[in-house]
Amino acid sequence: MKILFITGSLVTALLAVMAGCVEHPIPPSANLGELNAIRQKQTVTATPTPAKVAGKYFSSPQSDFSIVEGVRAGAIQLGGTTGEIKSLFDEVPEEWNFEDKAYLPFHSLHWNDEALGNRGVFVFLRKDRAVQIQVFTPRFHLTNGIKSGDDPSRIREHYTGIEAYKLLYSAGEIDGGKDRVYWVVKDKGIAFGLYYAPEKQKRVAKEITIFPPNTEFFPETHISPPQEWERIDIVDSLK
C-alpha cells in the first residue's frame, strides 16, 4: 500500500498530480451514520455561539483543548461539517478541496499555531464530514496527559494493542530527516506520529490523530504513490 503525504505542503500534492500518479483510494473511514451517532452521544465543551466568544481558538481561555480518542480534539468533532469547524476560529484557514479528484479524495482545513511556532491543527473531511483530526500543537492533550512532543514511552504506559507503521519515502528536513513512524491504537481511534527530533537524537510523539475507532488508519485518510505504508515491529519503530 502506498500513501501521498501532504501535511503542510500543497506543493507535494501538486507535484504528484503533475507526475500523473494514479491513486488507489480507500473507502471513507466510517459511514456518515456512524460518525453522526458518535456526535450525538457526546457533549462538546463550548458555548452555543463559539464564533463570537472563542476568538482566536488557540489563545482564548474559554477554549477546550482536551482530546477524546475517536471523538474530538477540543470542540473540533469527528463528523463535524466544514461550517461548524470554521465557526470555531476567527482566522481563515488554509483550505484545499480535492474531493472531485480520484487521486486526492479529501477536503482539508488547516490552522497554524503561530504563537507556539508549530503546525497547529489539520482537519480532513469527506462529503463535508470530518473523518480525521490531526494535532501538532501541545495545547491539546489527552485525559491521560499525553500531548505533542512527549516521549513515546508515555504512550506505552497508557495504551495496549499498539500497531507500528512506517511511511516509507516520507523523510524530509521539516520532519527530522527520517521516515515518519506511526503508532496506531485502532480500537481507541487514536494514532501517534513519531517524528525524529535531531536535537534529542530520538523520536517524539509530534503528531496526534483522531479517527473513527475500529477503522483502518492511513495518514490523511488516503494512499497514493510514491510513498508506502509498511507494518513494522514496535521496537524497530523507535530507530
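Me: What makes Asp113 and Arg139 a salt bridge?
Reply: The closest N and O atoms of Asp113 and Arg139 are 2.6 Å apart. A salt bridge is a side-chain nitrogen of Lys or Arg within 4 Å of a carboxyl oxygen of Asp or Glu, so this pair qualifies. Bear in mind that this is a predicted model: local features need pLDDT of at least 70, side-chain atom pairs count only at pLDDT 80 or more, and totals for chains, interfaces and linings use all residues. Residues are numbered from 1 along each chain as its sequence is written, and side-chain values use heavy atoms, with hydrogens and water left out.

Me: Why is this pair said to link distant parts of the chain?
Reply: Asp113 sits in strand β5 and Arg139 in the loop between β7 and β8 (141–142), 26 residues apart. The strand and helix names come from DSSP runs numbered from the N terminus (helices H or I, at least four residues; strands E, at least two).

Me: Why is Asp113 called buried, and why is Arg139 called partly exposed?
Reply: Buried means under 20% relative accessible area, exposed means over 50%, and partly exposed is in between (1.4 Å probe, protein chains only). Asp113 has 1%, so it counts as buried, while Arg139 has 22% and is therefore partly exposed.

Me: How many salt bridges does the structure hold?
Reply: There are ten. One of them joins Lys147 to Asp150, with the closest N and O atoms 3.5 Å apart. Lys147 is at 31%, so it is partly exposed; Asp150 is at 9%, so it is buried.

Me: What makes Arg119 and Asp175 a salt bridge?
Reply: For Arg119 and Asp175 the closest N and O atoms are 2.2 Å apart, so the distance falls within the 4 Å limit. Arg119 is in strand β6 and Asp175 in the loop between β9 and β10, 56 residues apart. With 11% relative accessible area, Arg119 is buried, and so is Asp175, at 1%.

Me: Which residues are linked with Asp175 in a network of salt bridges?
Reply: Arg119 and Arg180 are linked with Asp175 in that network. The side chains of Asp175 and Arg180 also make a polar contact at 2.2 Å. A polar contact is a pair of N or O atoms within 3.5 Å; within protein, one must be able to donate a hydrogen and the other to accept it, and residues adjacent in sequence count only if both atoms are side-chain atoms. Leaving aside neighbours within four places in sequence, Asp175 is in contact (heavy atoms within 4.5 Å) with Arg119, Arg180, Tyr195, Tyr196 and Lys206.

Me: Which backbone oxygen does the side chain of Arg203 reach at 2.9 Å?
Reply: One is that of Asp179, and the backbone oxygen of Leu194 is also reached at 2.9 Å. Arg203 is found in strand β12 and has 3% relative accessibility, so it counts as buried.

Me: Why is the pair of Tyr159 and Phe192 called tilted?
Reply: Rings of Phe, Tyr and Trp (its six-membered ring) pair if their centres lie within 6.5 Å; planes under 30 degrees apart are stacked, over 60 edge-to-face and the rest tilted. Here the centres are 5.6 Å apart and the planes lie at 55°, so the pair is tilted. Tyr159 is in the loop between α5 (152–158) and β9 and Phe192 is in strand β11, so parts 33 residues apart in sequence are tied together. Tyr159 is buried at 6%, and Phe192 is buried at 0%.

Me: What makes the pair of Tyr165 and Trp229 stacked?
Reply: The ring planes of Tyr165 and Trp229 are at 5° and the centres are 4.8 Å apart, so this pair is stacked. Tyr165 lies in strand β9 and Trp229 in strand β13 (residues 228–232), 64 residues apart in sequence. Both are buried.

Me: Which residues touch the most other members of the largest nonpolar core?
Reply: Among its 37 residues, these are Phe140, Ile155, Tyr159, Trp183, Ile190 and Phe192. A nonpolar core is a set of buried Ala, Val, Leu, Ile, Met, Phe, Trp, Tyr and Cys residues joined through side-chain atoms within 4.5 Å. Elements giving two or more residues to this core include β5 (107–113), β6 (118–126) and β11 (190–197).

Me: What pLDDT does the chain average?
Reply: The average is 80, and 74% of the residues score at least 70; pLDDT is the predictor's confidence in each residue, from 0 to 100. Over residues 1–55 the pLDDT is below 50.
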